[in-house]
Amino acid sequence: MQFHHHGYVSTDPKVQPAAGVGLNRPEDLPDEVDVLIVGTGPAGMITAAQLSQFPNVNTRIIERRGGRLEIGQADGIQARSVETFQAFGFAPEIIAEAYHITEMNFWQPDPENPQNIKRTSRAVDDEMGISEFPHLIVNQARVLDYFAEVMENSPTRMKPDYGWEFVSLEIGEGEYPVTVKLAGTSQHEGQERTVKAKYVVGSDGARSKVRDAIGCEMSGDRANHAWGVMDVLANTDFPDIRTKCAIQSHDGGSILHIPREGGYLFRMYVDLGVVPDDDNGTIRATPLQEIIDRANKILHPYSVDVKSVAWNSVYEVGHRVTHRFDDVPTSQAGQRSPRVFITGDACHTHSAKAGQGMNVSMQDGFNIGWKLGHVLEGRSPESLLSTYTAERQVIAQNLIDFDRTWSSMMAKNPEDFESPSELADFYVRTAEFPAGFMTEYHPSAIVGQAKHQDLATGFPMGKRFKSAKALRISDTNPLHLGHLAQADGRWRIYAFADAAKAGTPDSAMAKFADWLANDPASPVVSTPEGLDRNAWFDVKAVYQQDHHTFDLNDVPSVFKPQVGEFQLNDLENVFGTYSAADIFEERGLSRDGVVVVVRPDQYVANIVPLAATDELGAFFAGVLKGHAAAQV
């Protein structure tokens, strides 16, 4: 973490100085806003947290509840989400309080006594080392609390506006074309409000009124299987009660068992069977005691003695997705820019078995958040917003397809599997998908073609930037490069040097640095006057030598930008190789040098040789608006 560049700080450095709309933020919901977010679930809160980093963007987030969520339904935090939490600054805290999944055990009927279950296999949760971050279980309410803290500590001092329910919207003309009608609840009961917005983000769940208002409809499979879910405190002789388990019985159905944070609480998804076509929702009234009784039948010869139930529900598995995630009809795609967006459960619903709901929803919000910030601050053209549906709808459909397979396998009878290990084998084989790392964005204005992929094989184009360690020259600390990327709306430019040492005048790295610092087509040069040179682009240099072979005076000044009120030199952007793990080897980086461009939401956007400055300039010409790079 860097601070003091605006003067000495003796208080919590996570609390950023108020700026822009945060200087005189009104307590009451204003009549006009840049962005109105509906719903404080994970998708809405991460969108708000990202937009809170844009001081001049007036964002408000409304919630019909009267206050914070107390009991969250979602609890699984995949490693990709923990990477995201690192960018928002709270990964260490949430890791410390969460339950860590390191293994999943599989139980099936004992062949010698089918009425009893028997452990048949164990699977390491991340056998392939997909991420350096763990797979966590933690209450969704705590995730929202952490995002709320990020918002409140941001320059905009954002807080949710509780007690307001979305009623309807109309899209017209003018500076604030979206007119939203709200009804007061809780502390605002009986009140009505009209708010005008430039953009609206509907993060209001599976029964989204925002989705209905823009004419989007869910399509896909209707529910045909029901599950009872309960978070309980109980005594039990089941030996794997503190380990994630898939439990299949002979004739009583199955359980997905998930230990919770805190050492005592656990969650069970209990199979309630196929839902009849004429059920009409009756299954949702299944008594809690029946769910407990079914759990005990499945667990035989073990049992659970439930002492307290923190939360319980019954849900029916359905796999549904909308064909678009914004207000632009398919027939008008490309003809006008969207004004209203939907995220999370508002545009895709599925089972909870793969633990994807909250995780994929947060990536929806991260995706649209930085894009809205860039457009509203004038960094990027409005056409950037059309990439949201293009990118996220495909991801949602992939999730639906995966979850349909996984939830169907969880519901199968043991005798229907081709082999006793089929479920466990599928879990291990597909681990990268539920961990959140199979997302791959296709070429677009913000994702380049993969024609130089061979220069950086470990950073696949369109996929998330998989971090690796390098040694920071200024203080000789080995650090994960990806962990230094904050959710501050900046693009990342990683310049991996050729074999020449720092300070070699005619090296490819030196020539690239000169272009980056001085050429009108350089994205860094496009940064507006009055802002620090690193305000829009976080540039890092990684040399092939270790820290004993050169010092910071050998490094071009573009990698040591002057920042803050006193224009102090930022010396923390220069790296060498780390003796324990050479990043050039680990990530398949060309020894001739290569530039890797990463988007604000951590996805690889372009890969070019150090000498291909024309290609890099042309790429950013499509990203930037109204600056020199956009004129080439």
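In this predicted model, the count of salt bridges comes to 40. One of them joins the side chains of K371 and E391, with N and O 2.8 Å apart. Because K371 belongs to helix α7 (residues 357-376) and E391 to helix α8 (residues 387-411), this pair ties together parts that are 20 residues apart in sequence. K371 is buried, its relative accessible area being 0%, and E391, at 6% relative accessibility, counts as buried too.

| Salt bridge | N to O distance |
|---|---|
| K371 and E391 | 2.8 Å |
| E377 and R379 | 3.2 Å |

A pair of aromatic rings is described by the distance of the centres and the angle of the planes. The model holds 26 aromatic pairs. The rings of Y494 and F496 have centres 6.5 Å apart and planes at 25°, and since planes under 30 degrees apart count as stacked, this pair is stacked. Y494 counts as buried at 2% relative accessibility, and F496 does so at 0%. For F619 and F620 the ring centres are 5.2 Å apart and the planes stand at 75°, so the pair is edge-to-face; F619 and F620 are both buried. Elsewhere, ring pairs link F85, F88, F90, Y146, F147 and F366 into a cluster.

In soluble globular proteins, nonpolar side chains tend to be buried together. Here the largest nonpolar core has 107 residues, and those with the most contacts inside it are F147, W491, Y543, F559 and F620. Another core, of 25 residues, lies apart from it and includes I395, A456, L481 and V604.

An unreviewed UniProt entry annotates residues 439-625 as "domain: Phenol hydroxylase-like C-terminal dimerisation". Over residues 439-625 the chain is 13% helix and 19% strand, with its end C-alpha atoms 27 Å apart.

Two positions can be followed in detail. S467 sits in the loop between α9 (422-429) and β19 (469-472), and its relative accessibility of 4% means that S467 counts as buried. Its side chain reaches the backbone nitrogen of G482 at 2.9 Å. When neighbours within four places in sequence are left aside, the residues in contact with S467 are E132, H480, L481, G482, H483 and R587, and one of these, L481, is also listed in the core of 25 residues.

G576, in turn, lies in strand β25 (residues 574-576) and is buried, with a relative accessible area of 0%. Although G576 and H547 are 29 residues apart in sequence, their C-alpha atoms are 5.9 Å apart in space. Again leaving aside neighbours within four places in sequence, G576 is in contact with A470, L471, I473, Y543 and Q545; of these, Y543 is among the residues with the most contacts inside the largest nonpolar core.

How values were computed:
Residues numbered from 1 in each chain as written. Predicted model: local features only at pLDDT ≥ 70, side-chain atom pairs only at ≥ 80, totals over all residues. Heavy atoms only, no water. Phe/Tyr/Trp six-rings, centres within 6.5 Å; stacked < 30°, edge-to-face > 60°. Buried < 20%, exposed > 50% of the residue type's maximum accessible area, 1.4 Å probe, protein only. UniProt positions renumbered as here; feature names shortened; annotations may be inferred. Helix = DSSP H or I, 4+ residues; strand = E, 2+ residues; numbered from the N terminus. Polar contact = N/O pair within 3.5 Å; in protein donor to acceptor, adjacent residues only side chain to side chain. Contact = heavy atoms within 4.5 Å. Core = buried A, V, L, I, M, F, W, Y, C linked by side-chain atoms within 4.5 Å. Salt bridge = Lys/Arg side-chain N within 4 Å of Asp/Glu carboxyl O.
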